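Me: I would like to go through the contact between the two chains here. Please take the questions one at a time.

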There are 2 protein chains.
Amino acid sequence: MQKIRSGTLAALLLGSLFTPVLAHAAPADSAAIRDAALKDEVAWDFTEGLTTEVGPRPAGTPQEARAREWAVAKLKALGFSNVRAEPYTMPVWLRGRDEAKILSPFPQNLVLSALGNSGSTPDKGIEGEVVYFPTLADLEAAPAASVKGKIAFVSHDMTATQDGSSYGYFGAARRQGPSIASSKGAIAILIRSIGTDHHRLPHTGVQMWADGVTPIPAAALSVPDAEQLVRVIGRGQPVKLHLTLTSKMLKDQPSGNVIAEIPGSDPAAGVVVAACHLDSWDQGTGAIDDATGCGIAAAAALQVAKAGQPRRTIRVLMAGAEEVGGDGARAYFKAHGTEKHALAIESDFGADRVWRVDFKLPQGHDALATSISAALAPLGIGASKQEAGGGADIAPLVKAGVPVIDLQQDGTRYFELHHTPDDTLDKVDLAQLRQNVAAWAVTLNLVANAQESMGIK
Amino acid sequence: MQKIRSGTLAALLLGSLFTPVLAHAAPADSAAIRDAALKDEVAWDFTEGLTTEVGPRPAGTPQEARAREWAVAKLKALGFSNVRAEPYTMPVWLRGRDEAKILSPFPQNLVLSALGNSGSTPDKGIEGEVVYFPTLADLEAAPAASVKGKIAFVSHDMTATQDGSSYGYFGAARRQGPSIASSKGAIAILIRSIGTDHHRLPHTGVQMWADGVTPIPAAALSVPDAEQLVRVIGRGQPVKLHLTLTSKMLKDQPSGNVIAEIPGSDPAAGVVVAACHLDSWDQGTGAIDDATGCGIAAAAALQVAKAGQPRRTIRVLMAGAEEVGGDGARAYFKAHGTEKHALAIESDFGADRVWRVDFKLPQGHDALATSISAALAPLGIGASKQEAGGGADIAPLVKAGVPVIDLQQDGTRYFELHHTPDDTLDKVDLAQLRQNVAAWAVTLNLVANAQESMGIK
């Protein structure tokens, strides 16, 4: 847990003395909302239902369309207002067969998963010799002649972190590795999965080809398979692989966002957007990524509504197509970016307990931050000095200057499951899920009822 | 850990007083062998080499043949005598495609793995409605009319146990479920994997069709997929599946055992057989099942040899075809059953620490058991009153009356990995592997040098 230096804490406390004291929701409200939310049934029910009755829901596919239908029906049944899907179209990459085998020196299969937007091999696959790079920097530094005509293999040393920061750093092997390998003439690229587990379940994920770069087959080996390949390479003989990574691209497929509201009493006070994403990767059922996020956002909004109509409208945004580049986020901003948004908040990092809160509020809102921090402290959540950044589905709002709060979830085990077939309901811990709902409910309640003028139009 | 009641311990200690004291290897030997074995490099090297340079090695396949070649070369290089492969032939079942999807009410894929000797579907698969049985007893009790023409689905509640006893009980769903389902007219059977993990990695394993029963497609769902199917069934609508489980049977394929010896000084004293199996299931690299067992047996024999030539020959038996029914064990017994065997011991339960020793020795060998127990105690291993039973590769010897000792390994996490793609080198813990080698080395040393007349001819 992030420790707050005593000077920082004093500053926060002093801040509340020197800021005009406004009529926030009474502290009693926070305690009551927190206690009720810790018994929440909605977040689990939503997560269980979406992952069971829809299952995987890749962006732009009929499964994602089923997810929208399911969510609209569910949110109406839960009592939300203005529930609707907001459609848009997008290009879609579809996985085919993912197969790999070592041909020599030690014939055996390897388990891997194509990355989003991977180029396709012919049906009969391709063969090539492996050239190994322990890190992305090694690939970057390699002369093109050493890569040309070969299968580049990039490893890395990602380990688990509570704040998920290792994903940002080591994830570059997935995000940039394919374009770098292609630009040096590689015929394909394999990366060690961007994950911290040791299961034969590869971590897929999107990557975007840099301008002018030719797509090549690109895939992630499971961590045990990547380690096996390193051992085989270590024997010193040339390593030849056969790869079959078939996939296809479709144009203009239907996707969409789902929106549901708790209407506020003061339309001029701006909307609080509580976001998550409805799409998932194709091989798991998207339980922690991001059915729980949608369950938390919906459940917390309902917990606030139960305590009384809020001043501001709480708008739950269940975005489409987050995993593949944020088409849903852009579509939302295009449709709603000119409305007054008081705050944006997103849950898209699993459902393990919230351990830290980060703020990015307008000047003069220290008292609001202090009251939120005080309401979160009984849940074991400490306030930080780090600036909140939001998630992918609210990124255009945040970029436009909308205030944002991050309820940071514990990511220690998140990258054991992220983007793998293993992202399933059994990984969700009910007690931690409820702690998330409670953190969200007290936060949404205080923000939605704050008397400050906040947000931008 | 199994607690020894004080009365039992007293009996063991008294036993050693009233039994003629024979010249066992001096206690100093045990301590020195134990200390050397705790720094063993051979077991890891063997395991790493076999799993890397051969990988999966299903019985009766070219990969198993490569494993024999690899093992013969390795054991010769390690200094063993009389190293050879002893061939035999056998029928072989080969996996094809394993695919399943829920067609209705909630279309989605399920992850599963065909069981050994499964019947094959046509290439285009089969369709059928699911009939659910929470336990094998429920299937047994069901009227045939409720099963006929349907896909039987049998679940169970296996949980982890240190001694692995839950496998014996709950494993019946795999061993007997298919024959029962077929005899009631099911068109296929799915079982929940006989495993204790929650990963999307199904546990395969062999099953034998009862006499007169028609083979049907038979497969294990991963535990999360089995739980998902239970949830889908729980919604109360008919559940229709599409299954593609292609496989084929081959006749008279080559398999074989590998044998290597530390020759003893007294050929008349009988052979000590130290067994493991060389074959593995097809989807993992057979690290804990059973590369480590072979590494432990070989390493321990070498540790004994380093301390001086033993009285009895130690024969390492790396059996073929254990996973699919014990063809190697039968071939060994056919070839060697008439030789005098002083003792048989097997390692085939992973490489987590040995926690208990069980004996089945001839009458009058209490002193030997006591000295072995005393030599194992510093490794945290307690002696039990349970009778040793041996493993599959020594079963014909044990049935014929050959004495046996079981160095029981901790099975708490064994069924997380057993028969899955996840059985790979990264699951092996070096410190625990070395503890196994030490336990085996002191045991083999005391048995091979015991002055008692033991064993049968």
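Me: How many salt bridges are there between chain B and chain A?
Reply: The model is predicted. A pair counts when a side-chain nitrogen of Lys or Arg lies within 4 Å of a carboxyl oxygen of Asp or Glu. Arg235(B) and Glu53(A) form such a bridge, with their closest N and O atoms 2.6 Å apart. Between chain B and chain A the count is 4 salt bridges.

Me: Which helices of chain B each supply at least two residues of the side that touches chain A?
Reply: The interface also has 23 residue pairs in polar contact, both residues at pLDDT 80 or more. On the side of chain B that touches chain A, at least two residues each come from helix H3 (42-53) and helix H10 (223-234).

Me: Which three residues supply more of the area that chain B buries against chain A than any other three?
Reply: Chain B and chain A bury about 2400 Å² between them, with 47% of it on carbon and sulfur atoms. Of the area that chain B buries against chain A, 23% comes from three residues: Thr52(B), Arg200(B) and Arg235(B).

Me: What relation do chain B and chain A have?
Reply: Chain B can be laid on chain A with an RMSD of 0.0 Å, by a turn of 180° and a shift of 0.0 Å along the axis. That is the relation of a two-fold axis.

Me: Why do the copies meet through the same surface?
Reply: The contact takes 31 residues from chain B and 31 residues from chain A. The copies meet through the same surface because the interface residues of chain B are also interface residues in chain A, at 100%.

Terms used. Residues numbered from 1 in each chain as written. Chains lettered and ligands numbered in written order. Predicted model: local features only at pLDDT ≥ 70, side-chain atom pairs only at ≥ 80, totals over all residues. Heavy atoms only, no water. Contact = heavy atoms within 4.5 Å. Buried area = accessible area lost by both parts, 1.4 Å probe. Polar contact = N/O pair within 3.5 Å; in protein donor to acceptor, adjacent residues only side chain to side chain. Helix = DSSP H or I, 4+ residues; strand = E, 2+ residues; numbered from the N terminus. Least-squares fit on C-alpha atoms with pLDDT ≥ 70 in both.
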